[in-house]
Amino acid sequence: QVQLVESGGGLVQAGGSLRLSCAASGSIFSINAMGWYRQAPGKQRELVATITSGGIPNYADSVKGRFTISRDNANNTINLQMNSLTPQDTGVYLCNAKVVGLITRYMGNYWGQGTQVTVSS
């Protein structure tokens, strides 16, 4: 089993910053891409940012220049630094990881429980 645990969400005023973290643990052989998605009320889940095992990031157009994703392969963690937040960034932020199982050596797609980010105007 693989667990993803997010932290760092909260309430912030527009223009402020937050830093999210996600730690993967469990029966892990290796982790390929990791990333953050978000879901606002009444909207579909959308990609925010992903990062490959080699550290290559990919961002949604809406967050480019404001958000930075980083990764620590030694600790199986990723972080998302979010600056210049707007009310449109409000939502539940979910961590995602493509994990190769230690025993099975099959790749699974795992999600965290999510952390709430609320940006007030």
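Visitor: How many salt bridges does the count come to?

Guide: This is a predicted model, in which local features need pLDDT of at least 70 and side-chain atom pairs count only at pLDDT 80 or more, while totals for chains, interfaces and linings use all residues. Residues are numbered from 1 along each chain as its sequence is written, and side-chain values use heavy atoms, with hydrogens and water left out. With a salt bridge taken as a side-chain nitrogen of Lys or Arg within 4 Å of a carboxyl oxygen of Asp or Glu, the count comes to four.

Visitor: Which residues are linked in a network of salt bridges?

Guide: Side chains of opposite charge can pair when their charged atoms come close. Arginine 38 meets glutamate 46 with an N to O distance of 2.7 Å and aspartate 89 with one of 2.9 Å, and aspartate 89 in turn pairs with arginine 66, where the closest N and O atoms are 2.8 Å apart. The network formed by such links consists of Arg38, Glu46, Arg66 and Asp89.

Visitor: How many residues apart in sequence are the parts that aspartate 89 and arginine 38 tie together?

Guide: Strands are DSSP runs of E with at least two residues, and helices are runs of H or I with at least four, numbered from the N terminus. Aspartate 89 and arginine 38 meet in a salt bridge. Because aspartate 89 lies in the loop between β8 and β9 whereas arginine 38 belongs to strand β4, the parts that this pair ties together are separated in sequence by 51 residues.

Visitor: With which residues is methionine 82 in contact, leaving aside its neighbours within four places in sequence?

Guide: Contact means heavy atoms within 4.5 Å. Under that rule, and with neighbours within four places in sequence left aside, the partners of methionine 82 are Gly16, Ser17, Leu18, Leu20, Arg66, Phe67, Tyr93 and Val117.

Visitor: Which side chain does a polar contact join to that of asparagine 79?

Guide: Asparagine 79 is in strand β8 and, at 14% relative accessibility, is buried. A polar contact is a pair of N or O atoms within 3.5 Å; within protein, one must be able to donate a hydrogen and the other to accept it, and residues adjacent in sequence count only if both atoms are side-chain atoms. At a distance of 2.6 Å, the side chain joined to asparagine 79 is that of serine 21.

Visitor: Which backbone nitrogen does the side chain of threonine 115 reach?

Guide: Threonine 115 belongs to strand β11 and is buried, with a relative accessible area of 12%. Among the residues it touches, not counting those up to four places away in sequence, are Glu6, Gly8 and Gly9. At 3.2 Å, the backbone nitrogen reached by the side chain of threonine 115 is that of glycine 9.

Visitor: What is the value that phi of arginine 105 is near?

Guide: Most residues other than glycine have a negative phi, and most peptide bonds are trans. Asparagine 76, in the loop between β7 and β8, has a positive phi near 55°. Arginine 105, found in the loop between β9 and β10 (107-111), is partly exposed at 47%. Phi of arginine 105 is likewise positive, with a value near 60°.

Terms used:
Buried < 20%, exposed > 50% of the residue type's maximum accessible area, 1.4 Å probe, protein only.
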